[in-house]
Amino acid sequence: MMMSNTGNSQLLNAQAITGWRDAFGVLADVEVVQETGSTNTDLMQRLATLQRPLLLVAERQTAGRGRAGRSWLSVPGGVLTFSLAWKLPQSGAQLMGLPLVIGLAVAETLKALAVPVGLKWPNDIWRDGKKMGGILVESAPAAGGGTWIVGGIGLNLLVPEALEATLGVQVADAPWLAQMDRNQLLGTLLNALARLLEQFAISGFAPFAARWNALHVFEGQMVQIQDQGKVLLEGQALGVDEEGYLLLNTPAGVRRVVSGDVSLRPVKE
């Protein structure tokens, strides 16, 4: 669960966001709503009528969801909550690396803005050993073939220490980034997402594996793979392969782990 209080008070505006689109970003339309339950749910319900990719941004999300049904709460200004619907030619197992690509687009954008972040397999943005953002990817078959995907992203910009103490969980933010024009930030993120999704549509995950591994925060560390608190595997994290599987060096040899609803946790010494 993530929460945040108000950061940059400037309202989000679809026209302002579109003004920052580049040659890739213009492939998607942009909509902004003041409040909704979940931008992912909204887009999933609209896929049958979409003609083009669509970025849906909410100032406030009341029923946001993370992986495995976890809740994601937000307050205007201090957290970005948005989803991007995009049509891809791939289907099924060919989409396994997609959440990693979406995370990579976000992380590389933030690093270019001087925010030192990394990636935690499979769907989290990390900073200073704490979660700064999360990603939820859903999909549905597209009429005529291929797949519509909806990538939902929640990104903390400003989290007061008092609120973090109340939550009882450590989260990260980027206070100075919270002062940036959020419309520009969203336009910049859209450009990166569109660029990488277009490349993914052509080449799949393989071209992204090395870039993802370069940002992997648990590279070479001992980790556990857990399912609802139950340890399934333990070993040294070796990064991901060209299909998006996590590679673990275990006493029984190198194992490939598919994401699903499992979680990665560092082994406590």
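1. Within the sheet, glutamine 226 sits opposite valine 231 of strand 11. The model is a predicted one. Strand 10 (residues 222-227) and strand 11 (residues 230-240) are antiparallel and are joined by six bridges.

2. The open sheet has five strands, ordered 13-12-11-10-14, with antiparallel pairing. Strand 13 (253-257) and strand 14 (263-266) are the edge strands; each has a single partner strand, so one side of each has no neighbour in the sheet. From one strand to the next, the twist averages 45°.

3. Glutamate 242 belongs to the loop between strand 11 and strand 12 (246-250). Its relative accessible area is 56%, and glutamate 242 is classed as exposed because the cut-off for that is over 50%. Leaving aside residues up to four places away in sequence, glutamate 242 has contacts with Phe205, Ala206 and Ala209.

4. The salt-bridge count is eleven. One of the pairs is arginine 52 with aspartate 29, whose closest N and O atoms are 3.0 Å apart. Arginine 52 is in the loop between helix 2 (39-46) and strand 2 (54-61), while aspartate 29 is in strand 1 (residues 29-36), so this pair ties together parts 23 residues apart in sequence. Both ends are partly exposed: arginine 52 has a relative accessible area of 32%, and aspartate 29 has 33%.

5. Arginine 211 and glutamate 108 also form a salt bridge, with 2.8 Å between the closest N and O atoms. Arginine 211 is part of helix 6 (residues 209-214) and glutamate 108 is part of helix 3 (residues 98-112), so the pair ties together parts that lie 103 residues apart in sequence. Arginine 211 is partly exposed at 31% relative accessibility, and glutamate 108 is partly exposed at 26%.

6. Which residue does aspartate 128 meet in a salt bridge? The partner is arginine 127, at 3.7 Å from N to O. Aspartate 128 is exposed, at 63% relative accessible area. Arginine 127 has 16% relative accessibility and counts as buried, because the cut-off for buried is under 20%.

7. A network of salt bridges links Lys120, Asp124 and Lys131.

Technical notes: Residues are numbered from 1 along each chain as its sequence is written. This is a predicted model: local features need pLDDT of at least 70, side-chain atom pairs count only at pLDDT 80 or more; totals for chains, interfaces and linings use all residues. Side-chain values use heavy atoms; hydrogens and water are left out. Two strands pair if DSSP finds at least two bridges between them. Helices (H or I, at least four residues) and strands (E, at least two) are DSSP runs, numbered from the N terminus. Axes are lines fitted to C-alpha atoms, for helices over the stretch in contact, and angles run from 0 to 180 degrees between N-to-C directions. Buried means under 20% relative accessible area, exposed over 50%, partly exposed in between (1.4 Å probe, protein chains only). Contact means heavy atoms within 4.5 Å. A salt bridge is a side-chain nitrogen of Lys or Arg within 4 Å of a carboxyl oxygen of Asp or Glu.
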